[in-house]
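Me: Got a model I'd like to talk through. Can you take my questions one by one?

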Amino acid sequence: MTSTERHIQGVPVSSIGERFGTPLFVYDAEVLRATYEELRTLLHPAIDIFLSLKANPNLSICSYLGSLGAGAEVSSLVELLTAQRAGIAAKDTIFLGPGKTTDELRACLAADLYAVVCESLAEVREVERLAAEVGRTEVPVILRVNPDFHTKGSGLAMGGKPRQFGIDAEVLRTSPRELAGLRRVRIRGIHAYMGTRFLNHQDLVHNTAQILELADALADDLGIPLEAVDFGGGFGVAYFDNETDLDLKALAAGINEVVEPFVAAHPGCRLINELGRYLTAWCGTYVVRALYVKESVGERFVVADGGTNHHMAAVGVGSFVKRNFPLRSLTRYQDEPTGWYTVTGPLCTPNDVIGKRVALPEVAPGDLLGVERSGAYGPSASPGLFLSHGFPAEVLVHDGVAHLVRERDTSEDLLARQRLVPFPPVHRQE
């Protein structure tokens, strides 16, 4: 009988599962490359594409995108180390986040990054103090602004309302004297991020235009140069029924139309677009193995060896209503669905559901199932220590060869960092 299982660059998914075990995440480097290169081809050449590591901080993923030309947007000390070890240059790395520690800021100064993205005036003052402490005469900073306009069309808005992120535009407008008094911090430009998971290209174009207009006005108000404007990302990926993929060509055309006059007015200004989800989601599949197939009160269940402890995003990305990521049989990838299954993981909670009433071909114990478009916010946004299952293996298929790029947590890995207090035995009297 002809096999209908899924192959990744010619490699049968069953052989990947047998070699590395399940559950695991499998990333297709060819999809990763094609996604980046399409963006690079379509977007204006003045726009630099930065990987937002929060979406997928795997060292090999970062290294591969870096080799293609991507920069890095990092938000923790370990993400900074990851970008460095991945070979991404300091001049192509920015560090942002609303709660940077003193150690993280010191690491930024030591690394001589393109910019520290400061999210409060107090943070700007702290960078100034640390620069004096270590003898740095100039530290480049980008100011993250919380805009005073509202975003359009986002599932998760990040600006235009009270937020822990950035400095309110109104506050910045009243701070030119304080910024002018800086002796070691050099303001390099403006950053604004309006939200995530935009699927309507017109919303992204609108927000980009608003951010560039705001950056231009703030630079005039504050008397600062515009060497760089980071206008965020937020390019969406359609996961659920009734969602439509972003029209990338229309999006790029609209953004380029907005960017062109800005570049003409500010020659040499570096435009940064941070993309995490859009760059990495398409390339990843979360692979689980069916352990049991059972029926309960007329509903068929597949109990798999992995669930929301590895892929919390699959519960619906913050939706109050459970919605399904694209979930397929990898063993019978080409077969037509024959019934409806609810796919759950091994956790002792009713919330451990990665697919509710999904149309699938017949499922048998031992079959492999895959949650597709799962290259973003899998391990990085999941409670991997719940029930002490640990984090799964991660595999990158490159040029037809499957490479282990993250080892699965073992029992010893999970216990090694714990310390046992030597309690004396309790003797109870009869």
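Me: How much of the chain is buried?
Reply: Of the 430 residues of the protein chain, 53% count as buried. Buried means under 20% relative accessible area, exposed over 50%, and partly exposed in between, with a 1.4 Å probe and protein chains only. This is a predicted model: local features need pLDDT of at least 70, side-chain atom pairs count only at pLDDT 80 or more, and totals for chains, interfaces and linings use all residues. Residues are numbered from 1 along each chain as its sequence is written, and side-chain values use heavy atoms, with hydrogens and water left out.

Me: How many helices and strands are in the protein chain?
Reply: The chain has 12 helices and 22 strands. Both are DSSP runs numbered from the N terminus: helices are H or I with at least four residues, strands are E with at least two.

Me: And what is its radius of gyration?
Reply: The radius is 24 Å, close to the 22 Å that the globule rule gives for 430 residues, so the chain is as compact as a globular protein of that length. The radius is taken over C-alpha atoms, and the rule is 2.2 Å times the number of residues to the power 0.38. The C-alpha atoms fill a box of roughly 70 × 70 × 40 Å along the principal axes.

Me: What share of contacts joins residues at least 24 apart?
Reply: Among contacts between residues at least 6 apart in sequence, 71% do. Contact means heavy atoms within 4.5 Å.

Me: Switching to the core. Which residues touch the most other members of the largest one?
Reply: Leu39, Leu143, Leu172, Val229, Phe235 and Leu271 do, in a core of 107 residues. Helix H9 (residues 201–222) gives the largest share, 9 residues. There is also a second, separate core of 15 residues, which includes Ile8, Val11, Ile16 and Ala393. A nonpolar core is a set of buried Ala, Val, Leu, Ile, Met, Phe, Trp, Tyr and Cys residues joined through side-chain atoms within 4.5 Å.

Me: What is valine 229 in contact with?
Reply: Leaving aside neighbours within four places in sequence, the partners of valine 229 include Ile190, Ile211, Phe262 and Leu271.

Me: Now H1. Which of its residues are buried?
Reply: Helix H1 spans residues 13–20, and Val13, Ile16, Gly17 and Phe20 are buried there. They cover an arc of only 95 degrees around the axis, which puts them on the same side of H1. The arc is that of the directions from the helix axis to the C-beta atoms.

Me: Why would that spacing line up?
Reply: An α-helix has 3.6 residues a turn, so residues three or four places apart point the same way.

Me: What's on the face turned away from the buried side of H1?
Reply: That face carries the exposed residues Glu18 and Arg19. The cover over the buried residues of H1 includes strand S3, strand S15 (284–296) and strand S22 (401–406).

Me: What comes just after H1?
Reply: Glycine 21, with a positive phi of about 80 degrees. Then the peptide bond from threonine 22 to proline 23 is cis, with omega near -5 degrees. Proline 23 sits in the loop between H1 and S3.

Me: Aspartate 28: buried or exposed?
Reply: Aspartate 28 is buried, with a relative accessible area of 10%. This residue is in strand S3. Its side chain reaches the backbone nitrogen of glutamate 30 at 2.9 Å. A polar contact is a pair of N or O atoms within 3.5 Å; within protein, one must be able to donate a hydrogen and the other to accept it, and residues adjacent in sequence count only if both atoms are side-chain atoms.

Me: And where does glutamate 372 lie?
Reply: In the loop between strand S20 (368–371) and S21. At 14% relative accessibility, glutamate 372 counts as buried. A polar contact of 2.7 Å joins its side chain to that of tyrosine 333.

Me: Last one. What caps the N-terminal end of H3?
Reply: Asparagine 58, through a side-chain oxygen 2.9 Å from the backbone nitrogen of serine 60.
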